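Subject: Structure handover

Hello,

Please find the structure below, with the sequence. My notes on what was found in it follow.

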Amino acid sequence: MNKEIQKVVIYARVSSKEQEKEGFSIPAQLELLRNYASVHNMIILKEFEDVETAKCQGRTNFNEMLKFLKNSKECNTILVEKTDRLYRNLPDYVTVDALPLELHFVKEGCIVSPTSHSSEKFMHGIKVLMARQYVQNLSEEVKKGLTQKAKEGFVTGKQPYGYKKLDKKQCVIDEQTAPYVKRAFELYAEGNISLRALSNRLFEEGFIYKPNTPKAYKTQIEHILKNKFYYGVIDYMGEIYEGKHEPLITKDLFDRTQEAFRKDNKPKHMIAKNFLFAGMVKCSKCGCNISGEIKKGKYIYYSCTGGRGECEPQHIYISEAKLEKQLLQAISNISITKEHSDWILQALKDSFKDEKAYCEERLSSLQKQKQILRDRIDNIYLDKLDKKISEEFWQEKHNKWTQELLTIQNNITAYEKANINFIEQGANFLKICTDAEDLYKYGDNSEKKQLLNYVLQNLTIEGENIHYDYKKPFDIFAKGLNRNKKLPRLDSNQQPLG
Ligand SMILES: [Zn+2]
């Protein structure tokens, strides 16, 4: 009889951010896990909990638990509320996955063990992969933030030459460098002067670009002369927003400058950002941006701008075709078939059912509590009117319950908002993975750029090779998914635990 009783440990975790929110408390998790153990006739050998604080992000007891399980001969089972309680990140998953453990994700109704069907393991991996923090951390969020900043009229990155930052958002004219910019526009707008000649002319007139580089490079001057910021707007991803900063030149002078560029429209003066990889890839040797130029009238080549003086300008040359070939490979590493995507999405939706049911349960219980409090407040008011209780007593109770009512209402709002976007974000992410190759192959330069920025980071060129890292969660797709493997059947692991 004793042999049939399973010995387990339970694990609960709450992060510093979650501590204030209802429904994430350690006691709530422990209660759920203890009930589960009791219903399933399990013996809890030990309970482990981690409460993270802003100061201490370590997981002392998580590690203690793994140590305990490694040494234990009678127990190899963890009960935990949900996937994201056990793993904070991928390394956690890898650590746990390497041990012969049986994991019960109680609220998700999922058991994973060394003998699990491969589909269950795969599904579990996907859940980890899709864990909220990965999806939410996508650069898309950052981009939204930047767009918001631009819409408000603030510069989104480093302030342009000629300005200095007053605080995190606001830029003001820098009296030291601004005259250089103004004069550059005036001279170039007159026409008949090349960028190199312009740089020399400014130097002759006594203008210093930077102490280390008294004469600006052509690309640096061109960058200034094409920046709409100087006449008072913010140009972000092709959208124009009204700036909050003081313009340095008039729109008229800017337009005349652009007209001069059109007259002087040799390919080598093409706008830097029209080149696919310009501003996106850095030189691995000196960290400067690489810039593009056209050779023999049609071939695009990239080279280091050498702006920091460490590299000879243009010491490396690589053709766009060679770069594209390598990046297309990078993109195709994360592509999945439509079949895979549908399968994963369906599985996500199924696993979300438990979440949803839990949320609805919590909501209905909160609504009940809310009604009870309201009734109490109404009743005690009647008691006060009837002089059954003192004014003081009424005031005290009234304040207490109103405060409680407010807390409950906040929790209701939190639950209503929670998890709504989870599936949607997962679907977006999967769609990108499914369409990635096509998006790249058939996209125009700006679409390609967007996709590459979405998926990759830290692009550098070394000789003829491009180096890069995948952003999360694409990194897992890039190395993890065996795309040729036959899909396991979905229905085999959808049994509720009862
Ligand atoms: Zn370089």
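Two bridges join strand β10 to strand β14 (residues 456-462), and these two strands run parallel. Strands here are DSSP runs of E of at least two residues, helices are runs of H or I of at least four residues, and both are numbered from the N terminus. Two strands count as paired if DSSP finds at least two bridges between them. Within this pair, lysine 282 has threonine 460 in β14 as its bridge partner.

Before going further, note that this is a predicted model, in which local features need pLDDT of at least 70 and side-chain atom pairs count only at pLDDT 80 or more, while totals for chains, interfaces and linings use all residues. Residues are numbered from 1 along each chain as its sequence is written.

Sheets

The β10-β14 pair belongs to an open sheet of three strands, in the order β10-β14-β15, with mixed pairing. Its edge strands are β10 (282-283) and β15 (465-470), each of which pairs on one side only.

Another open sheet of three strands has the order β11-β12-β13, and its pairing is antiparallel. Here the edges are β11 (290-295) and β13 (318-319), each pairing on one side only. Two bridges link β12 (residues 299-304) to β13 in the antiparallel sense. Tyrosine 301 has serine 319 in β13 as its bridge partner. As background, strands of a sheet pair through backbone hydrogen bonds, either parallel or antiparallel.

A helix pair

Helix α8 (residues 178-189) packs against helix α11 (residues 251-263) at an angle of about 50°, with the axes 8 Å apart. That angle makes α8 oblique to α11 (under 35 degrees counts as roughly parallel, over 145 as roughly antiparallel, 65 to 115 as roughly perpendicular, and the rest as oblique). Axes are lines fitted to C-alpha atoms, for helices over the stretch in contact, and angles run from 0 to 180 degrees between N-to-C directions. The crossing of α8 past α11 is left-handed, meaning that the near helix is turned anticlockwise from the far one by less than a right angle.

On the α8 side, Phe185, Tyr188 and Ala189 meet Leu253, Arg256, Thr257 and Ala260 of α11. Two residues are in contact if their C-beta atoms, placed from the backbone, lie within 7 Å. By type, the residues of this α8-α11 contact are five nonpolar, one polar and one charged (nonpolar: Ala, Val, Leu, Ile, Met, Phe, Trp, Tyr, Cys and Pro; charged: Asp, Glu, Lys and Arg; polar: the others, Gly among them).

Single residues

Asparagine 41 sits in the loop between α1 (26-39) and β2 (42-51). Its phi is near 60°, a positive value in a residue other than glycine. Asparagine 41 is exposed, because 9 other C-beta atoms lie within 10 Å (exposed means 12 or fewer, buried 20 or more, partly exposed in between, with C-beta atoms placed from the backbone).

Lysine 387, in the loop between α13 (338-385) and α14 (391-417), also has a positive phi near 60°. With 8 C-beta neighbours inside 10 Å, lysine 387 counts as exposed.

Aspartate 235 lies in strand β8 (residues 233-236). It has 15 C-beta neighbours inside 10 Å and so counts as partly exposed. Leaving out residues up to four places away in sequence, aspartate 235 touches Lys228 and Ile240.

The chain as a whole

The chain has 17 helices and 15 strands. Of its 498 residues, 26% count as buried. Among contacts between residues at least 6 apart in sequence, 60% join residues at least 24 apart.

Regards
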